[in-house]
Amino acid sequence: MIEASSSKGCDGAFVLLTPAFNEEAYIEETIRSVIAQLVPPRIWVIVSDGSTDRTDDIVLRYAAKHSFIRLLRRNKDQSRGFASKVFALRAGLQSIKLDEVQFIAHLDADISLERCYFRDLLNRFYEDPTLGIGGGWYNEKIGDQFRLSPGSSETSVPGALQMFRRECYEEIGGLLPIEYGGEDWYAEIMARKSGWRVRSFPELRVLHLRETGTARGALRYCYKQGFADFSLGSHPLFELAKLVRRVTWRPYVLGALARLMGFTMAHISGKRMVPADFVGFLRREQMARLWPGPVCRGTKSPF
């Protein structure tokens, strides 16, 4: 176990990757929360994905004082949409030697962490050698308050803060660049398909400084999520059940309708991003959650 007063035994255990596009409003708070960690990353690569604001200047200012922070600049490919984030993460990973690294963590540039976050998360991995992907639960900023993000589940980890055991990351081939998003969901499914556990821990509190979807427009974000759901093979019945629950999430009703429209349009186009065996595994999982049998009793709803 990692003690609060020391990172002995885990020094250099993980690297941190952060894609950032025009994040001057949030990234400084993110940087400060990582610098304050009881167990900091061995290397933190912040990939400026074509930023045109002060993002690079802010990162360089802190990198000059903290040697583990590195800035990597790349030109954002606008035609790749949501997949640009995956290409940025890949570029960051390629700049690091992973020989002595046990874990690979992703962190969005609009996240603030409690001081013990990485120490406590690493302890969860050390306690469970089958844990392939782990992370905390994040709270959305609504006005001046933070509230638990709707849909939080112990069986899923938001892509904004996923940590991977390196063996798991290599076995699943990392993240899949998906035009409409969903790369984090893909990673979770692949991990479970490969026999790894995926777990998020509600006691590890994370603050999401910007509400999901506001950067691109809430309805457009929901529409793209529907496209992503179909492209990864979500079962139509499961999708409908999920949308019924999400009618009460902001933007109320319209968000669920936009997601349904995205799923429907993707179905018409027939655009699938994954092979048949992946779709089959996912749909078996989803049907087991809709109609849980004896093996599935006690499983928390993923909706």
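This report walks through a predicted model of a protein chain, from its confidence to a few of its helices and strands.

## How confident is the model?

Let's start with the predictor's own confidence. Across the protein chain the mean pLDDT is 87, and 89% of the residues reach 70 or more.

Two stretches call for some care. Over residues 5-10, pLDDT stays under 50, and the model has 8 contacts beyond four places in sequence for this stretch. Residues 294-303 also have a pLDDT that stays under 50; for them the model has 16 contacts beyond four places in sequence. Where pLDDT is low, the predicted coordinates should not be read in detail.

## Helix H2 and its buried face

Now find helix H2, which covers residues 55-63. Its buried residues are Thr-55, Asp-56, Ile-58, Val-59 and Tyr-62. Looking down the axis of H2, you would see these buried residues fall within an arc of 165 degrees, so they line one face of the helix.

What do the buried residues of H2 pack against? Their partners are strand S1 (14-20), helix H1 (27-35), strand S2 (43-49) and strand S3 (69-74).

## Strands S2 and S3

Two of those partners, S2 and S3, also pair with each other: they run in the parallel sense, over 6 bridges.

Is Glu-239 buried or exposed? Its relative accessibility is 1%, and because the cut-off for buried is under 20%, Glu-239 counts as buried.

Setting aside residues up to four places away in sequence, Glu-239 touches Asp-229, Ser-234, Arg-259 and Phe-263.

## Ala-258 in helix H9

The last stop is helix H9, which spans residues 254-269 and includes Ala-258. With a relative accessibility of 13%, Ala-258 counts as buried.

Which residues is Ala-258 in contact with, leaving aside its neighbours within four places in sequence? They are Leu-219, Cys-222 and Tyr-223. Take Leu-219 as an example: Leu-219 and Ala-258 are 39 residues apart in sequence, while their C-alpha atoms are 6.1 Å apart in space.

Note on methods:
Residues are numbered from 1 along each chain as its sequence is written. This is a predicted model: local features need pLDDT of at least 70, side-chain atom pairs count only at pLDDT 80 or more; totals for chains, interfaces and linings use all residues. Side-chain values use heavy atoms; hydrogens and water are left out. Helices (H or I, at least four residues) and strands (E, at least two) are DSSP runs, numbered from the N terminus. Buried means under 20% relative accessible area, exposed over 50%, partly exposed in between (1.4 Å probe, protein chains only). Contact means heavy atoms within 4.5 Å. The arc is that of the directions from the helix axis to the C-beta atoms. Two strands pair if DSSP finds at least two bridges between them. pLDDT is the predictor's confidence in each residue, from 0 to 100.
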